[in-house]
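Please look at the sequence and the fold together, and follow how some of the secondary-structure elements meet one another.

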Amino acid sequence: MSNKDTGKKTTVGGQALIEGIMMKGVSVGAMAVRKKDGALHIEQWELPEKKWYNKAPFIRGCFNFVQTLREGYSCINKSAEISGIGEDEEPTKFDKWLVKCFGEKGAAAVGEAIAGLLVFLMIAVMIVAFLFMPSFLFSLIENAVEADISIWKSAFEGVMKLLLFVGYMAVVAQMSTMKRMYGYHGAEHKTIACYEAGKELTVDNIRPMTRFHPRCGTSFIIITLLVSIIVYSVIPINPAEWWGIENLALGAVLRVAIKLPFLPIIVGISYELIRLAGRYVNPFTKILSAPGLFMQRLTTREPDDSQIETAIAAVIPCLPKEGEDDNW
């Protein structure tokens with residue numbers, strides 16, 4: 001593959017937080033969060049040395065993905081505390097009851113436990129809906145038409161997952177908190193684009209840059225869904241037919257369970273593809289990046305100058321030191 005773009009292709013990247021941005025470079029990570037008084041809170045930390053499984057092709061995808069999720073979740077929680085979001089809200093009757101029963105410290109601990117449980121339940125419901133519903137719906141359709149249409153099962157499930165994902169992102173994009181976060185997402189992309197263009201990181205230089213980037217997490221999810229359609233189309237999985245199961249719900253559950261072990265393979269392939277998209281510019285990578293770049297119209301917004309300033313503050317500590325190489 002040839003890189004037709006003369007611009008720099010960096011490994012520096014990050015994610016939007018609540019009123020802030022987290023960035024990761026070669027050896028340093030940093031986050032900048034806008035506090036209620038308008039001041040910027042900036043933290044930076046040394047990144048651990050990459051192990052062999054963080055660098056081995058097709059294996060690194062799963063490990064790096066899980067690590068990114070863990071770090072991102074931690075930074076989002078920290079940014080919520082630093083930004084002071086929700087501090088001005090009046091305590092609810094439930095909050096007052098917790099304080100009355102457990103005291104200030106006990107109420108805080110119980111509240112965190114309940115919040116964690118709710119997040120777990122919400123994620124569980126989303127996973128069930130995302131993995132189980134497409135299989136179950138196809139089983140209903142297959143049963144209704146009374147014909148063998150199993151050849152279309154993987155394609156149908158993949159398209160349904162894409163529609164569910166796009167629909168979910170479209171609804172979330174209407175929330176005021178997410179609109180702010182998507183503005184920071186746009187600022188992150190614009191700042192990286194400015195750095196890759198070799199320009200000085202100033203608000204004026206960053207403002208006209210594109211808010212779409214091929215290495216975005218949104219693009220990674222879209223590529224993963226598309227790769228899953230291809231993989232599951234090649235590998236026939238139909239437990240209902242294999243074992244003569246007539247219960248549609250049970251057949252759908254078993255189909256999902258059998259597909260789960262293939263997820264690391266799918267994530268590994270998708271990770272290598274997103275790396276290609278971030279490194280090269282040619283017809284193949286343009287086609288590969290197109291769906292994700294289109295979806296970024298939902299997950300990014302044009303940032304204001306204060307959000308761009310936050311992105312600059314987050315990325316500067318992460319830029320490569322002397323002797324370090326941040327090229328792909």
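Val33 stands opposite His41 in strand 4. This is a predicted model, in which local features need pLDDT of at least 70 and side-chain atom pairs count only at pLDDT 80 or more, while totals for chains, interfaces and linings use all residues. Residues are numbered from 1 along each chain as its sequence is written, and side-chain values use heavy atoms, with hydrogens and water left out.

Strand 3 and strand 4 pair in the antiparallel sense over seven bridges, where pairing requires that DSSP finds at least two bridges between two strands. These two strands form a hairpin with five residues between them, and Gly38 in the turn has a positive phi of about 95 degrees.

The elements discussed here are DSSP runs, numbered from the N terminus, with helices (H or I) of at least four residues and strands (E) of at least two.

| Element | Residues |
|---|---|
| Strand 3 | residues 28–34 |
| Strand 4 | residues 40–46 |
| Helix 6 | residues 217–234 |
| Helix 9 | residues 263–279 |
| Helix 11 | residues 305–315 |

Eight of the eleven residues of helix 11 are buried, so this helix is largely enclosed by the rest of the structure; buried means under 20% relative accessible area, with a 1.4 Å probe and protein chains only. Among the buried residues of helix 11 are Gln307, Ile308 and Val315, and what covers the buried residues includes strand 3, strand 4 and helix 4, contact meaning heavy atoms within 4.5 Å.

Helix 6 and helix 9 pack at an angle of about 130 degrees, with their axes 9 Å apart.

Technical notes: Axes are lines fitted to C-alpha atoms, for helices over the stretch in contact, and angles run from 0 to 180 degrees between N-to-C directions. Buried means under 20% relative accessible area, exposed over 50%, partly exposed in between (1.4 Å probe, protein chains only).
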